[in-house]
Every structure is written in C-alpha cells, then in structure tokens.
Amino acid sequence: MSAPSVNGPQSDPTVQPVPASVVAQVDAADVTLSNPQRAVVALGSNLGNRLETLQGAVDALEDTPGLRVKAVSPVYETEPWGVDAGSQPTYLNAVVVVKTTLPPSSLLERGQAIEEAFDRVRLERWGPRTIDVDILAYADVVQDDPLLTLPHPRAHQRAFVLAPWHDVEPEATVPGLGAVADLLAYVGTDGVQPRADLELRLPD
Ligand SMILES: Nc1ncnc2c1ncn2[C@@H]1O[C@H](COP(=O)(O)OP(=O)(O)OP(=O)(O)O)[C@@H](O)[C@H]1O
Ligand SMILES: Nc1nc2c(c(=O)[nH]1)N=C(CO)CN2
C-alpha cells in the first residue's frame with residue numbers, strides 16, 4: 001500500500017493548474033448540455049436541385065447528435081440579394097428552428113460540414129451555391145466574433161430570411177434589433193415569393 005499523500009493531490013507536480021478560462025468554458029458547456037437552447041438556422045440554395053438539397057440539409061441537421069429540428073418554414077423563391085439583378089439563378093430559402101445542446105461554435109461547425117457534404121464551393125462573396133447554412137440567432141446570444149457573429153450580422157436586412165422566420169415564429173425578435181415582424185415590415189417583401197407548391201418535411 002502506498003503511503004498517503006501528505007499534501008494531497010494538489011501538490012502533484014505533474015498536474016498543471018487549469019486556467020480559469022477553461023474552467024469557465026467547461027462550466028458553460030455543462031450548462032448547455034442539461035439545458036437545450038433554441039437556435040434559428042437559415043438555409044438557401046440557388047444551384048442544382050434546390051429543394052432536394054434544402055431537404056437534405058434539414059435531414060442532416062436532424063441527424064445531428066444533440067439537436068432536434070422543431071419547426072421548418074415554408075419555402076420561398078427569392079431574387080439573389082447583394083449581387084447584380086439577373087447575374088445568378090434565383091434562390092430557394094427557408095428557415096429552421098432547432099433546440100440543441102451544442103454550443104454555438106459546434107452548431108456553426110455542423111452547418112459548415114453540411115455545406116461541404118453538399119459540395120458547396122466558395123469562389124466569390126455571395127456567389128451562387130448549392131447550399132448555405134447560416135445561424136441567424138442562438139438563444140439571446142449577442143457576440144461580435146467574425147468567425148460567428150450573433151445574431152447574423154445581415155439577418156435584419158434580408159427579407160429572404162425574415163419572411164420565413166416570421167412564418168414559423170411570428171413573435172420572434174432578432175436579439176438586440178427588435179421584432180422580426182417589424183424588421184420585415186421595414187425591408188418589405190420585394191423579390192420574395194412564397195412557393196406554396198413546394199414543401200420541406202419536418203423529419204419524423
Ligand atoms: N451567424 C453566422 N452564421 C454563419 N456563418 C457566420 C456567422 N457569423 C460569422 N460567420 C462566418 O462567416 C463566414 C462566411 O460565411 P459564408 O461563406 O456562409 O458567407 P456568405 O453566406 O457568402 O455571406 P453572408 O455571411 O452574408 O451570408 C463563415 O466562415 C463563418 O465563420
Ligand atoms: N435571395 C438570396 N440572396 C442571397 C442569399 C440567399 O440565401 N438568398 N444568400 C447570400 C449569402 O448568404 C447572398 N444572397
């Protein structure tokens with residue numbers, strides 16, 4: 001039997017103190033794990049079989065451990081935003097509400113993995129794409145990190161996300177910016193048409 005440690009485990013010279021920032025991160029992750037958070041995810045596609053790709057992205061989100069898809073919006077056909085009129089095919093856009101135990105950074109990584117799985121290529125800013133997965137909001141988090149800005153820095157200017165978001169959550173607010181309904185009324189719905197003939201399925 002080994003002799004009991006005189007100074008206790010703290011004195012083991014091979015054990016490094018854990019920085020306070022790491023303790024804070026682990027604590028935050030623990031809180032998230034036992035307390036799923038609501039997040040709102042925007043999907044867009046203007047290349048290939050757009051509807052099939054959007055459905056694939058919804059299914060891939062639902063297949064993510066620690067994530068449940070709670071609501072899927074109607075589908076909209078939308079004029080490309082931020083580029084010259086007629087320079088790209090029109091988009092199909094939709095919004096998905098999820099509950100997740102993933103922290104924001106992991107949700108972003110999952111979205112990017114889904115983009116890669118659907119062969120998204122990045123050639124130019126706001127270029128055409130098979131799929132775009134953007135995080136519009138995560139709980140009430142407001143953060144300025146360029147790797148993940150929350151809420152999405154351009155969500156409040158884009159009818160193609162505000163219209164479907166408003167459909168699934170009429171009372172929603174964009175954290176720090178106001179009601180989705182008010183923002184949508186302000187930007188208007190030019191170039192954003194509901195496609196009642198198309199439907200995304202909420203996974204079983
Ligand atoms: N809320 C967010 N959702 C998704 N990506 C974000 C967010 N905030 C910052 N980013 C960062 O933006 C980078 C570029 O994203 P992406 O290529 O999807 O831009 P985009 O869709 O072309 O344009 P936009 O950001 O205007 O929608 C990503 O690598 C990601 O790190
Ligand atoms: N209509 C529409 N326009 C866009 C979209 C989009 O999803 N729909 N996504 C962009 C970059 O995220 C840039 N422009």
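Start by selecting alanine 139, which sits in the loop between strand 5 and helix 4 (helices, H or I with at least four residues, and strands, E with at least two, are DSSP runs numbered from the N terminus). This is a predicted model, where local features need pLDDT of at least 70, side-chain atom pairs count only at pLDDT 80 or more, and totals for chains, interfaces and linings use all residues. Residues are numbered from 1 along each chain as its sequence is written, and chains are lettered from A and ligands numbered from 1 in the order in which they are written.

Look at the backbone here: alanine 139 has a positive phi of about 45°, though it isn't a glycine. Most residues other than glycine have a negative phi, and most peptide bonds are trans.

Stay in that loop and pick proline 151.

Next, colour helix 4 (residues 159-168) and helix 5 (residues 180-187): their axes come within 9 Å and cross at roughly 140° (axes are lines fitted to C-alpha atoms, for helices over the stretch in contact, and angles run from 0 to 180 degrees between N-to-C directions). Show Ala159, Leu162, Ala163, Trp165 and His166 on helix 4, then Val180, Ala181, Leu183, Leu184 and Val187 on helix 5, to see the contact (C-beta atoms, placed from the backbone, within 7 Å).

Last stop: ligand 2. Its surroundings include Gly44, Trp81, Tyr91, Asp132 and Phe160 (each with its C-beta atom, placed from the backbone, within 6 Å). Strand 4 (91-100) and strand 5 (132-138) each give two or more residues to this shell.

Conventions: Two residues are in contact if their C-beta atoms, placed from the backbone, lie within 7 Å.
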